[in-house]
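Here is a short report on one helix and the chain around it. The text follows the structure.

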Amino acid sequence: MRILAVNAGTSFHIESLEGPRYHGSFDGVIRPEDLASVDPAGYGALLIPCRTPAHRLIPHRARLARYLHQGGTVIAMGETNCERWLPGIRFTPLETNWWWWLDPAEDLGVRIAAPAHPLFRHLTQRDLAWHLHGFFDPPLGAEVLAADSEGRALLYIDEVTTRGRLIVTSLDPFYHHGHHFMPATTRFLDGFLPWLVEDLASRARAAAS
Amino acid sequence: MSERDTRWGAVLIISDDGPPASPLLPAIEMGHLGVRRQIDLSEQDLRGACGLITTGALDQVDFATRREAIAAFLAEGGRIVFNGHLLRPFFAEQRPYVPLPTQRRADLELQRLAPHPVFAGIPASAQQTQRGVAGFYGRGHNPMLPGARALTGIGPERLPVDWEWLLPSGGGLFVHAGNDIWGTSDDPLVDALIAERLVAWSLAGRAKGQGS
């Protein structure tokens with residue numbers, strides 16, 4: 001279990017990263033600016049929570065690229081404008097329909113696209129549905145885990161663009177969880193973080209054998 | 001981003017990637033409100049400004065490291081508008097945000113508790129819901145500083161979701177514990193009025209002290 005998380009200092013970041021529910025999931029927490037001096041190479045994954053400002057990550061693009069080249073995993077969550085600081089990202093923003101849930105007949109349209117993926121031993125489709133902020137056009141060879149009603153990627157894993165791994169999503173669970181509302185976002189983190197811990201442990205075992 | 005001269009004006013601290021919220025644009029256009037990215041906010045900005053307006057995206061870790069400069073700013077008549085959940089106190093005796101234990105509709109009911117120029121003529125009902133949904137205005141409170149005055153209460157206990165704390169210097173805090181307060185109404189005119197009045201409020205303390 002080796003996750004290094006970035007804390008940009010907004011209330012929901014502090015609540016999510018330091019609050020009792022998830023703080024044990026993170027082996028290190030740094031500020032975006034610490035990427036100038038902290039090498040994440042000792043960690044299995046570098047987690048950039050949703051809504052971390054891109055202007056605070058752009059100065060560290062070279063550090064992130066080196067980490068990926070060394071085989072690291074970068075997780076970029078929603079509303080981070082990650083196309084501005086990670087390679088190979090093609091993102092199309094959508095106007096958010098904040099109100100879809102007011103109509104009981106309405107369906108946000110989020111679908112699990114790879115039900116056999118181990119992540120979905122921890123998450124159900126309803127744990128992915130709160131808002132949509134946009135979709136990605138992942139590179140050929142990437143694995144799309146969740147998509148919108150038109151099949152456009154909302155969560156995918158890219159192991160082809162770099163020698164490392166990019167886990168990219170337009171979902172923004174830290175924001176809502178850290179603001180104490182939107183229960184689906186807490187369910188998402190309840191499943192996503194344990195999966196990530198398991199996944200990193202499994203990769204570490206495989207690398208050691 | 002605008003790089004206006006902020007001396008003796010108000011400064012909007014932008015902490016995210018986005019542009020300023022539209023209700024604040026008229027004050028920026030008229031030159032009453034300068035704009036600084038938080039990562040560029042200097043001690044000179046603090047010394048020169050009358051007021052600081054922060055958003056829910058504030059980097060509170062950074063802001064808390066400026067405690068001494070903030071204390072001096074307030075003591076010299078500066079005013080701060082704070083939006084959001086306070087998790088990193090930036091002033092002595094502040095305590096962190098307390099979420100409501102339950103969030104039923106009655107728990108989210110708003111009530112004005114004291115008259116204040118920011119809310120004059122604006123009933124709490126104008127900010128109670130958006131599209132019929134309550135909770136955007138607040139789901140808890142930032143505990144008041146000793147001597148503060150509760151302005152808007154939430155829930156049956158009327159917990160202070162908005163409060164004002166003023167010093168003899170004219171400096172002080174306007175604290176709102178929810179989404180940015182200029183974006184909490186279905187009526188854009190209400191949001192615009194709140195924004196305009198908050199800018200005026202933030203200017204009042206230090207401008208008086210300067211006789212300007």
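Predicted model: local features only at pLDDT ≥ 70, side-chain atom pairs only at ≥ 80, totals over all residues.

Residues are numbered from 1 along each chain as its sequence is written, and chains are lettered from A and ligands numbered from 1 in the order in which they are written.

Helix α4 of chain B covers residues 67–75. Its residues B:Ile70, B:Phe73 and B:Leu74 are buried (20 or more other C-beta atoms within 10 Å of the residue's own; exposed means 12 or fewer, partly exposed in between; C-beta atoms are placed from the backbone). They span an arc of only 95° around the axis, so they sit on the same side of α4(B). The arc is that of the directions from the helix axis to the C-beta atoms. B:Glu68 and B:Ala75 are exposed on the face turned away from the buried side.

The buried residues of α4(B) pack against two elements of chain B. Contact means C-beta atoms, placed from the backbone, within 7 Å.

| Partner | Residues |
|---|---|
| α2(B) | 43–48 |
| β12(B) | 172–176 |

Chain B as a whole has six helices and 12 strands. Of its 212 residues, 45% count as buried. Its C-alpha trace spans about 45 × 35 × 35 Å along the principal axes. Among contacts in chain B between residues at least 6 apart in sequence, 72% join residues at least 24 apart.

Methods
Helix = DSSP H or I, 4+ residues; strand = E, 2+ residues; numbered from the N terminus.
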